[in-house]
Amino acid sequence: MVKTQVQTLIRLPPAQVFSFVVEDFLRNYPRWSPEVQSLQAVTQGPIRVGWIGRQIRVDQGRRTDSRFRVVALEPGRRVSFKGTTDPYVIEYRFDPLGEHTHLTFIFELAQLNLALRPFEKLIRVAAQDGAERVTRNLKGLIESELGAAA
C-alpha cells in the first residue's frame with residue numbers, strides 16, 4: 001500500500017472550505033489538480049454518498065480514465081472518494097482551528113500491480129509530491145478567491 005498525508009492551515013472557516021471543495025467539486029477540482037483533463041458527473045445531483053464521477057488525468061505523462069464514488073460524507077467535516085476502476089482512496093478532512101480550517105488531504109493506493117512493484121519507492125515519492133502540490137494549490141485558490149488574509 002502507498003499512503004500519503006499532507007496538512008495545511010487555511011485561513012477561512014471549515015464551512016467555506018468544505019463548500020469550495022465538496023459543494024463546488026465539479027468546477028473546482030480540475031483547478032487545484034491540473035492533471036485532471038476532464039471531469040464529469042456520472043450521477044446527477046449534488047455530491048453525496050454513492051455519487052459517482054469520472055475523470056481523465058495525465059500524471060507524469062501517463063493517461064488514466066477512472067471512475068470514483070463518494071464513500072463517506074460528513075457535511076462540513078470530511079469527504080472520501082474511492083476509485084471504482086482503480087484501487088485508490090482520497091479523503092479531505094476539514095477540522096476547525098479557531099476561525100480557520102486545518103485541512104488534511106490523504107491519498108492511499110491500496111495495491112500495486114505486479115508490474116509496478118519494482119517502482120514502489122518512486123510511486124511513493126510521486127504520490128507525496130502530488131499530495132503536497134494538491135494541498136498547496138487548494139490552499140492558494142481558496143485563500144485568494146474567498147478573500148482570506150495571507
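The questions below ask on what grounds terms are applied to this predicted model.

Residues are numbered from 1 along each chain as its sequence is written. In this predicted model, local features need pLDDT of at least 70, side-chain atom pairs count only at pLDDT 80 or more, totals for chains, interfaces and linings use all residues, and side-chain values use heavy atoms, with hydrogens and water left out.

Q: What makes up the secondary structure of the protein chain, and how is it assigned?
A: The chain has three helices and seven strands, in the order β-α-α-β-β-β-β-β-β-α. Helices (H or I, at least four residues) and strands (E, at least two) are DSSP runs, numbered from the N terminus.

Q: Why is Thr8 called buried?
A: Buried means under 20% relative accessible area, exposed over 50%, and partly exposed in between (1.4 Å probe, protein chains only). Thr8 has a relative accessible area of 16%, so it is buried. Thr8 lies in strand β1 (residues 2–10). In the protein chain, buried residues account for 40% of the 150 residues.

Q: What does Thr8 contact, leaving aside its neighbours within four places in sequence?
A: Contact means heavy atoms within 4.5 Å. Thr8 is in contact with Thr101, His102, Leu103, Thr135 and Lys139.

Q: Why is Leu73 called partly exposed?
A: Its relative accessible area is 24%, so Leu73 falls in the partly exposed class. The residue belongs to strand β4 (residues 62–74). Not counting residues up to four places away in sequence, Leu73 touches Phe18, Val22, Ile47, Arg48, Val49, Arg78 and Val79. From Val22 it is 51 residues apart along the chain, with 9.3 Å between the C-alpha atoms.

Q: How do you know that the buried residues of α2 line one face of the helix?
A: The buried residues of α2 are Phe25, Asn28, Tyr29 and Trp32. Seen down the helix axis, they fall within an arc of 110°, so they line one face. The arc is that of the directions from the helix axis to the C-beta atoms.

Q: What makes a set of residues a nonpolar core, and which members touch the most others in the largest one?
A: A nonpolar core is a set of buried Ala, Val, Leu, Ile, Met, Phe, Trp, Tyr and Cys residues joined through side-chain atoms within 4.5 Å. The largest has 32 residues, and Val21, Phe25, Trp32, Tyr92, Phe94, Leu138 and Ile142 touch the most other members. Beyond its neighbours within four places in sequence, Leu138 contacts Phe20, Val21, Trp32, Tyr92 and Leu103.

Q: How many cavities of 30 Å³ or more does the structure hold?
A: There is one. The largest cavity has a volume of about 60 Å³, where grid points are joined across faces, edges and corners and volume is the space filled by probe spheres set on the points.

Terms used:
On a 1 Å grid over the protein atoms alone, a cavity is a set of points where a 1.4 Å probe fits but cannot get out, and a pocket is an open set with protein on both sides within 12 Å along at least five of seven lines; lining residues have an atom within 4 Å of a point.
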